[in-house]
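I opened my notebook to keep track of a few things I wanted to look up. Here is the model I had on screen.

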Amino acid sequence: MSVTALARWCYRHRLVVLLLWVGALFGLGFAASTAGTDYANVFSLPNTDSKRAYDLMEKAFPDSAGDTDTVVWKVDGGTVEDPSVRSRIQPALDEIGRMKGVGGVTSPYAGTQGAAQVSGNGRIAYAQITFTEQANAVPKELVQNVVDTAQKAERGGLQVELGGQAIQRVQEPPTGIAEIVGILAAAVVLFLAFGSLFAMLLPIGIAVFGVGTGLFSTQLLSHATDIPDLAPLLATLIGLGVGIDYALFIVTRHRRGILRGMAPEESVVTALNTSGRAVLFAGGTVCIALAGMLVTNLRFLDGVVIGTSLTVVLSVLAAVTLLPALLGFLGTRVLSRRQRRRLAAEGPEPERASGLAARWSTNVQRRPRSIAVMALVVMAILAIPVLSLRLGATDQGNDQASTTTRKAYDLLAEGFGPGFNGPLQVVSDGGDANALVRGIEATDGVARVAALPPARGVTVIQVVPTTSPQSERTDRLIDTLREKVIPDAGANAHVGGVTAISKDFSSVTGERLPYFIATIIGLGFLLLMLAFRSLVVPLTAALMNLIAAAASFGVLVAIFQWGWGLELLGLGKEGPVNAFLPVIMLSLLFGLSMDYQVFLVSRMHEEWVHTKDNARAVRVGLAETSRVINSAALIMVCVFLAFVLSGDSGAAMAGVGLAAAVALDAFILRTALVPAAMHLLGNANWWLPAGLEKRLPHLAVEPQEDAVAEPAAEGGATVVHGFVRDAEGGPVDSAILTLLTPGGRQADRVTSLADGSYILSAPASGTYLLAVTATAYAARARHLSVGTEPLVYDVELTADEVDEVDAVN
C-alpha cells in the first residue's frame, strides 16, 4: 500500500484506526502489568581481566548473590564504642536483621571481627546489610523500612546515613516526573507554535501512544531477552522527542495545505505524501543509527538497541496511521479560530514564506561566508573541552550533596580513606598467594590489603587504594597490578571489582568507538546519497554530525567532568563521563540530526528539481523549514532537559548532552552553517557522477508525482478554464481557485471574474488538485487529470458541506 493510499484509508476509517491503537495500548499495558518486569544488567566484557576475575569469583562463591548495602554513623564527640551510641545503633541493626528479605547484618560490635569496621579515630563506623535479592529485585517498601529504622537512631551529635544500590533506588524521584515535565514543556512550545489547543494535543497524543506501546512491548520482551533497566528510560527519552517532532512536521504541512485552500482529506493525504515520507525516512535513519551500537559488541547495549528502536518504530507507525485518523476527526479545527476566520473571509493564503524565517534565509544568502565562519568559531570553542574527555563510571560520590547515599559515601571516605568506596579484588587460582599479598602491600597507592580464606582453590585479596574509584591514580594502580605486581609474584591472578570493571568497560568502549562512528557515518552517507542523488550533501551532513558531536561532548565535559554549573543544575559532584554514554549519545544524536538534515534538504531538493537554481533552492528550503525545525528542536531540548529530574545520573547526563547536541545542531548547524555552506558550494551540492547515477537505486524522500507536473521542455503547458456558479446557476465572482500538484506545490492561483469565469495555467500534463473557496460558500476540492489540450471544468458552489466538487461539464 502506498503512502497516499494508507493516509486516505486511515482518514476515512478513522474510528477503526483509533480503536485499534487504543486497544493496542491498553492491551499491551494490561499484559505488561500482569507479567511484571525482568530487566537484567549484563555487563559482559569478553577477554578482559575483570571478566576473568568475575568468573573465578562466581566459581568460588556461587551463593553470594544478594545486594550488599551499608549503614554508616558518625559521632561528633567521644567514640562509636560509647554505650550511649551503641545502645541506639545496635537495636536498630537487630531490627533490620529480623526483616523478611534481609539475609544478614554484619555489625562492628560483633567481637574482634567487627573492629575493622571502625575508623582509626573511633568516630565513624559502618555495618553491612546483605539482602536476599539483587538491588532491582529488593522491594522498595523493605528498603524504605531499613532506611527509616536506621535513621530513627539519630540524635544530636550522632549522624546516621545509608549507601548502596538498593538504598539509591528509594531516594530517586517518583517515576514519571521527568516525562510529565517534558510533556508539559513541549505542550507550551506547541501551543505557541500553533495557537490551537487541538493542534497542540495532536503531537503529544501521538508521542504518548508511540512511547506507551513501545515501553509496554519492551517490558514484555525483558522476559525473553536481556534488557537493562536503563533501556526504558532511554526509550522514553528518544520516543517522546521523535514522536512529538514527527507529528509536528506532518501537522505543520497539513495546516499549510488547509490554509492554501485544500479540503481536509486532500491536505492530510498531501501532508503524508510529503512530510510523511520524510518521517518514514528519518525514522529509518534513527533505527539504523541505534543499530550501529551493535558494532561495539557490548551485550549491555543490545537491550538498549531493542527498546529504543522498537519505540521509534511504533512512534513512526503512530505518526503515519493514527495521526491521519485524528486529523480526520478535527477537520479544519486543526487551525486556530483566528486562522479559520481569516480563511473564510480572505480565502487561501498564497504560497510564500514570510516573517523572521524568510528574512534570516535572505541574510544567509547575502552573507554566507561570514555566517559560516561565525558558526564554525562558536562550535570550535564549545568543542575545546572534549580534548580532556575521560570515560569512566559515576558512583554515589557523584550524587547530590543532600542525598543519604552521597553523605554515606563521604563519611566512608573520611573514616576509611578515599579508596574504601571502590576496593579492588585480586582473584588468584594458582601460584604463591602470600608472595602476591606481599607484592601488593609494597605497591605505591595501596592503603590496605586483606586476603580472604581460600575457597575451591580460589583466593580473593581485597585491595583498598589510597585514591578514590574515579581517580586516574586508581586506574594506574590497576595497570601496575596487572602488568608488574602479579607477573613478578608468579601468580595466576586477575584484578576485578566494580572499579576494575568500570575501567575495562571504558577501555573497550574507547577502542571500539572509532568503528562505531565509521559505521553510522558511512550508513548515513549512503542513505543521503541515495535520497538526494548527491555526493556533497551527504558529505556535508557527515561533517556536520562530527562537529555537533564534538561540541556537545565539549559541553558534557565542561559540566559533568569540570563541574561548571553542576550545583546550579542540582546534579551532584563532578566526575568522569559515563563510558556507555558516547555510544548511546552518538547514536541518538546522529539519528536526530539526520532528521533535521532530511527535512531541510528534502525541501531544498524539491525546489532544486523544479528550478535548477541552487540559490533559490537553499533560500526557499531554509525559509520554509527553519521555523518548524527550530520548534521541533526546542521541544526536544525541553524533553531532554526534563530528564535531569529523573534521579538517574546516567539519564541526567544523557539528557543534558542530547539537549546541548540538538540545540547546537538545529539552531547553529542546520539554520546557519549548512545553508551557508550550500550557498558557497553552489550547484556542486547536487553533483553525482553520471556512472554512479545509473548504478544507484532510487530512494525518493519527495513524492514522485511532482515530477509529472513539471513544465515540459516544449509545449507541455496547458490550461484549465470554466465558470464558477452557485446552486441556482448564477455566477460567483471573487472566488479563489488554486491549482496544486500532488506534492502540495501551488501551480497557479486566480480569482474568478464578475461573470464567474476563470482560467488557470497548468505547467504540464498530469494530475492536479483544484481547490475553490468563496465567501459564504463551502470550500470545494477535486482532482483533475490534465492532458495536452485545454480542460473545460465548471464548478458549482453550495452552502452545503460535501466532500467533492460537482462538475457541470
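The entries below go from domains to a helix and then to a sheet.

**Ground rules.** I am working with a predicted model, where local features need pLDDT of at least 70, side-chain atom pairs count only at pLDDT 80 or more, and totals for chains, interfaces and linings use all residues. I number residues from 1 along each chain as its sequence is written, and side-chain values use heavy atoms, with hydrogens and water left out.

**Domains.** I looked up the assignment and found domain 1 (1-36 + 195-330), domain 2 (67-171), domain 3 (352-387 + 515-694) and domain 4 (718-797). These bounds come from an automatic or database domain assignment. Over C-alpha atoms, I noted 47 Å between the centres of domain 1 and domain 2.

**Helix H23.** Where is the kink in H23 centred? I found it at Leu669, with a bend of about 50° in a helix that covers residues 649-681. The bend at a residue is the angle between axes fitted to the seven residues ending there and the seven starting there. I also noted that 29 of the 33 residues of H23 are buried (under 20% relative accessible area, 1.4 Å probe, protein chains only). Just after H23, I saw that Gly682 has a positive phi of about 65°.

**Sheet.** I then traced an open sheet of 4 strands, ordered E13-E12-E15-E16 and paired antiparallel. Strands E13 (746-751) and E16 (780-786) are its edges, each pairing on one side only. From one strand to the next, the twist averages 20°. Strands are DSSP runs (E, at least two residues), and helices are runs of H or I with at least four, numbered from the N terminus. Two strands pair if DSSP finds at least two bridges between them. I found 5 bridges between E12 (residues 736-740) and E13, and Thr738 has Arg749 in E13 as its bridge partner.

Definitions and conventions. Axes fitted to C-alpha atoms, helices over the stretch in contact; angles between N-to-C directions. Buried < 20%, exposed > 50% of the residue type's maximum accessible area, 1.4 Å probe, protein only.
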